[in-house]
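Let's take a walk through this structure together. Have the sequence and the 3D view side by side, and follow along as we go.

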Amino acid sequence: MQGSCLCASVKFTLSYNPTTFYRCHCSLCRRQTGTESNYATLVHTQHFNWSEGEASIHSWRKESGYRNDFCQHCGSTVPNPLAQVPYFWVPLGLLEGVKYYRCVADFCLQRSASPSYSSGIQSYNEPVQSLEQLLRLLQLV
């Protein structure tokens, strides 16, 4: 599976097709995407490869550890490696040819502009509590 930023300066490949994702409704994710939530998944580093434009990536960080990596040419948010663990955070909208995926969790719903979502999805008013929780929800462990 392939992905890229808006201008295609930054490109990457995944060695498998992710089938699960989560949504976060916190203020940082809303501002990052310009929508009510982000749609993202995690990918183990062994399944992720930059194919072009890694030098075009710039980062913005908060003291809290929040990080946003983006293309210096078009401003698109791009995948970024998680600190001290072998995973990349990958925005779903960058992936090409996704045939099927399902949302497994909504986080920070108390901050959501429209907090009602489909039943059957794990719903949390707070941020994800741990990487292990998120990996289990995404069915990566």
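The largest pocket has a volume of about 790 Å³. A pocket here is an open set of points on a 1 Å grid over the protein atoms alone, where a 1.4 Å probe fits, with protein on both sides within 12 Å along at least five of seven lines; lining residues have an atom within 4 Å of a point. Its volume is the space filled by probe spheres set on the points, which are joined across faces, edges and corners. Among the 26 residues lining this pocket, Tyr22, Tyr66, Leu82, Trp89 and Val128 are the closest to its centre.

Before going further, please note that this is a predicted model, in which local features need pLDDT of at least 70 and side-chain atom pairs count only at pLDDT 80 or more, while totals for chains, interfaces and linings use all residues. Residues are numbered from 1 along each chain as its sequence is written, and side-chain values use heavy atoms, with hydrogens and water left out.

Which elements build the lining of the largest pocket? E3, helix H1 (27-33), E4, E8 and helix H2 (131-137) each supply at least two residues, and H1 gives the most, with three. Helices (H or I, at least four residues) and strands (E, at least two) are DSSP runs, numbered from the N terminus. By class, the lining has 17 nonpolar, seven polar and two charged residues; Ala, Val, Leu, Ile, Met, Phe, Trp, Tyr, Cys and Pro count as nonpolar, Asp, Glu, Lys and Arg as charged, and the others, Gly among them, as polar.

The second largest pocket holds about 230 Å³ of space. Thr33, Tyr39, Pro91, Leu92 and Gly93 are the closest to its centre, out of 13 lining residues. H1, E4 and E9 each supply at least two residues of this lining, which has eight nonpolar, five polar and no charged residues.

Now look at the strands. Six of them form an open, mixed sheet in the order E8-E9-E4-E3-E11-E12, where two strands pair if DSSP finds at least two bridges between them. Strands E8 (80-81) and E12 (122-123) stand at the edges with a single partner strand each, so one side of each is left without a neighbour in the sheet. Further in, E3 (residues 20-24) and E4 (residues 38-44) pair in the antiparallel sense over three bridges, and Cys24 stands opposite Asn38 in E4.
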